[in-house]
Amino acid sequence: MAIGDFDGVHLGHREVIGRALLTAKKLDLPTAIMTFHPHPRAVMGQDKYIDLLTPMKEKMEIFASLGVNHTYIVTFDASLMRLTPELFVDQVLDRLGVNSVICGFDFTFGYQGKGNPDSLCELSHGKFSVEVVRPFQMDGEKVSSTLIRESLQQGDIDTVTRLLGRPYSISGIVIDGEKRGRLLGFPTANLQLDEAYVIPTNGVYAIKASVNGETYKGVMNIGVKPTFATGELKPSFEAHLFDFSEQIYGEHMKVELIAFLRPERKFSSIDELVAQIKVDAEAARNK
């Protein structure tokens with residue numbers, strides 16, 4: 001069993017999961033993951049962790065694609081938070097009958113995070129083995145969910161993709177919008193996100209969008225559309241898909257962020273905005 005929060009399921013997390021898969025194969029046992037919901041840091045009052053890199057449904061899909069047989073989702077609440085490390089092992093891990101536990105070097109558990117990989121070894125009392133995976137580094141820096149979050153908020157999509165090992169994605173339902181894009185010659189699909197995602201910085205992105213089983217290149221604006229001065233502070237997600245003319249209101253769409261093209265800004269005229277959209281679209285086609 002690999003154990004951790006695994007928000008992002010980034011390359012560092014995949015090292016832990018990969019070790020679990022390898023150990024399970026050696027022992028001819030199924031592979032399991034234990035993860036937590038909500039994010040433990042959100043329960044402990046760090047509100048920014050309410051928004052996730054990989055909401056649970058997406059996380060489960062990634063686990064399955066990696067070959068994991070079972071996922072245990074542990075509800076992280078005040079009662080679990082108060083369990084001592086000893087009780088966590090006794091009431092959670094022992095009862096599952098695990099053979100081996102694989103965790104990252106910085107894994108903590110139990111009240112106030114007092115448990116760590118060393119104490120997990122001691123508390124196992126030989127009932128299960130413990131394997132600790134050292135930090136996974138790229139370019140001399142530890143791959144972490146925190147670094148990915150920071151990179152998203154800086155518009156550094158190249159770093160995000162590199163650390164995740166895949167493009168960052170968001171998904172939701174296509175809803176009716178103001179149809180302003182159609183009037184400008186660039187009809188857009190307005191996305192209502194279906195999960196509490198970590199939102200990238202406002203700006204224009206080259207994307208790949210999947211809808212109705214097909215994938216299209218496109219360009220997406222994330223932001224508040226300052227040119228039209230709506231006064232809206234909550235960001236909108238408007239995607240223009242290339243070579244696409246279908247009606248997709250009510251359909252589910254997944255959007256992968258391929259590249260950050262430019263920050264969102266206010267234009268002095270509609271003509272200036274349209275000219276820039278054409279430049280953005282051409283740049284996105286070439287990504």
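Contact is defined here as heavy atoms within 4.5 Å. The model is predicted, so that local features need pLDDT of at least 70 and side-chain atom pairs count only at pLDDT 80 or more, whereas totals for chains, interfaces and linings use all residues. Residues are numbered from 1 along each chain as its sequence is written, and side-chain values use heavy atoms, with hydrogens and water left out.

Helices (H or I, at least four residues) and strands (E, at least two) are DSSP runs, numbered from the N terminus. In helix H6 (residues 117-124), Pro117, Ser119, Leu120, Leu123 and Ser124 are buried (under 20% relative accessible area; exposed, over 50%; partly exposed, in between; 1.4 Å probe, protein chains only). These buried residues fall within an arc of 155° when viewed down the axis of H6, and therefore line one face of the helix; the arc is that of the directions from the helix axis to the C-beta atoms. Asp118 and Glu122, on the other side of H6, are exposed. The cover over the buried residues includes helix H5 (85-96), strand E4 (100-104) and strand E5 (129-133).

Eight salt bridges are present in the structure, each being a side-chain nitrogen of Lys or Arg within 4 Å of a carboxyl oxygen of Asp or Glu. One of them joins Asp280 and Arg262, at 2.9 Å from N to O. Because Asp280 belongs to helix H10 and Arg262 to strand E13, this pair ties together parts that are 18 residues apart in sequence. Asp280 is buried at 5% relative accessibility, and Arg262 is buried at 12%.
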